[in-house]
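Please work through each task with the structure open before reading its solution.

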Amino acid sequence: MAEQGRCCDLGALGEQGGAPPWEKSLGIYIGCFSDDGHERTLKGAVFYDLRKMTVSHCQDACAERSYVYAGLEAGAECYCGNRLPAMSVGLEECNQECKGEKGSVCGAVDRLSVYRVDELQPGSRKRRTATYRGCFRLPENITHAFPSSLIQANVTVETCSGFCSQKEFPLAILRGWECYCAYPTPQFNLRDAMDSSVCGQDPEAQRLAEYCEVYQTPVQDTRCTDRRFLPNKSKVFVALSSFPGAGNTWARHLIEHATGFYTGSYYFDGTLYNKGFKGEKDHWRSRRTICVKTHESGRREIEMFDSAILLIRNPYRSLVAEFNRKCAGHLGYAADRNWKSKEWPDFVNSYASWWSSHVLDWLKYGKRLLVVHYEELRRSLVPTLREMVAFLNVSVSEERLLCVENNKEGSFRRRGRRSHDPEPFTPEMKDLINGYIRTVDQALRDHNWTGLPREYVPR
């Protein structure tokens with residue numbers, strides 16, 4: 001209790017005007033706020049760090065994404081937003097020490113220590129900029145489609161993006177000197193881009209035209225960022241099953257943001273927990289999550305589940321993705337030496353058969369299945385995700401699905417340069433893998449599913 005009191009006293013110091021130790025060179029401490037409602041208080045970017053969370057780490061992450069406020073909760077959680085929480089509470093209620101910074105306060109359970117972040121800290125990553133999405137035809141009812149606007153001479157992309165970011169809109173729209181902020185909607189879904197030259201006129205001509213330039217702001221679409229555990233234990237125990245490297249983590253990101261519920265995992269991966277997968281730390285049999293990730297394929301492990309989404313990906317791509325993960329983590333690439341060593345052929349020889357047996361076992365022992373092809377999810381995200389959500393028995397609005405589509409990548413694209421030959425498979429490896437592809441294709445047809453996508457075989 002003495003340590004707890006010390007944290008609270010430090011917070012009180014800031015309120016009285018004497019800066020606590022952790023505030024020097026950082027943002028301004030605003031206070032302690034409640035965060036125990038159904039919706040998150042700060043709804044922008046989120047990440048956790050069970051071991052190294054610090055006040056400056058959270059502030060830098062929020063500033064990089066153009067958020068004004070950084071909130072720390074439960075010692076290890078960081079949330080970002082541009083609107084202050086509605087309900088402040090006593091400073092003493094924020095009494096948990098940051099996991100990576102002794103003597104500093106990082107909220108408590110359902111309590112946020114909130115800071116105002118004005119500038120990036122020295123040596124931190126650069127502030128993200130707006131990303132060009134394309135030239136689009138204006139919707140019929142601009143006032144209805146674009147809820148906020150800024151009209152001024154010489155408005156720039158940076159001015160418009162900053163204005164819309166502050167208001168937590170993911171899209172900044174320019175037409176001449178007019179700046180509008182919006183979310184993707186069924187009437188303005190960004191699927192039918194025009195030739196960019198149509199928008200490349202002088203501002204006055206562009207203002208009179210029926211086209212606009214659209215930019216993605218650094219802030220997230222907040223219509224699908226709220227996630228929580230199921231309010232009641234699920235009666236149906238659902239697996240999200242795949243071979244490693246088949247996009248399971250990405251599918252979990254999509255499912256969580258579409259349904260608003262956390263997914264669980266048969267395993268515990270601290271890296272994924274820190275990326276915001278709060279269900280990762282929950283016991284996989286708790287039934288508090290919408291579905292549970294598994295790569296298992298034994299009969300006993302399959303029959304524990306009442307139903308499953310079976311995610312299948314081209315084995316050539318899956319093998320490369322899993323080899324990269326084993327050698328360089330979730331977001332890295334294996335080095336040249338890994339590909340050129342005996343490690344790679346040994347990996348293919350052992351894992352290719354597992355790719356096949358995984359699907360065959362789930363087709364044989366799974367009680368109720370929805371087969372989803374990774375490639376189809378990539379190609380036709382919203383219709384495929386709609387099927388997955390319906391299978392999970394969750395009702396989701398079209399706006400929420402559009403929000404997921406607008407933030408479809410999450411934090412899970414590999415970064416850096418691919419260091420290996422894009423074709424690391426020998427003719428012998430291809431013969432082996434193609435045989436397994438034909439076996440799985442036939443098994444799917446035998447179970448009245450559509451066969452594998454055409455691009456799988458033969459290579």
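**Exercise 1.** How are H6 and H13 oriented to each other, and which residues make the contact?

*Solution.* In this predicted model, helix H6 spans residues 248-259 and helix H13 spans residues 381-391, and their axes come within 11 Å while crossing at roughly 75 degrees. Since angles of 65 to 115 degrees count as roughly perpendicular, H6 and H13 are therefore roughly perpendicular to each other. On the H6 side the contact is made by Trp 250, Leu 254, Ile 255, Ala 258 and Thr 259, and on the H13 side by Leu 381, Leu 385, Met 388 and Val 389. Sorted by class, the residues of this contact of H6 with H13 give 8 nonpolar, 1 polar and no charged.

**Exercise 2.** Describe how H9 packs against H15, and classify the residues of the contact.

*Solution.* Helix H9 (residues 315-328) and helix H15 (residues 427-446) have axes 10 Å apart and pack at an angle of about 120 degrees, which makes H9 oblique to H15. From H9, the residues in the contact are Pro 315, Tyr 316 and Leu 319, while H15 supplies Lys 430, Ile 433, Asn 434 and Ile 437. The contact of H9 with H15 divides into 5 nonpolar, 1 polar and 1 charged residues.

**Exercise 3.** How many cavities of 30 Å³ or more does the whole structure hold, and what lines the largest cavity?

*Solution.* A search of the whole structure finds 1 cavity of 30 Å³ or more, and the largest cavity holds about 60 Å³ of space. Its lining consists of Arg 40, Leu 42, Lys 43, Gly 44, Val 46, Tyr 48, Tyr 79, Thr 225, Arg 227 and Tyr 262, which by class are 5 nonpolar, 2 polar and 3 charged residues.

**Exercise 4.** Where is the pLDDT below 50?

*Solution.* The protein chain averages a pLDDT of 86, with 88% of the residues scoring at least 70. Over residues 1-25, however, the pLDDT is below 50, and this stretch has 33 contacts in the model beyond near neighbours in sequence.

Definitions and conventions. Residues numbered from 1 in each chain as written. Predicted model: local features only at pLDDT ≥ 70, side-chain atom pairs only at ≥ 80, totals over all residues. Heavy atoms only, no water. Axes fitted to C-alpha atoms, helices over the stretch in contact; angles between N-to-C directions. Helix = DSSP H or I, 4+ residues; strand = E, 2+ residues; numbered from the N terminus. Parallel < 35°, antiparallel > 145°, perpendicular 65-115°, else oblique. Contact = heavy atoms within 4.5 Å. Nonpolar A, V, L, I, M, F, W, Y, C, P; charged D, E, K, R; others polar. pLDDT = per-residue confidence, 0-100. 1 Å grid on protein atoms, 1.4 Å probe; cavity = no way out; pocket = protein on both sides within 12 Å on 5 of 7 lines; lining within 4 Å. Points joined across faces, edges and corners; volume = space filled by probe spheres on them.
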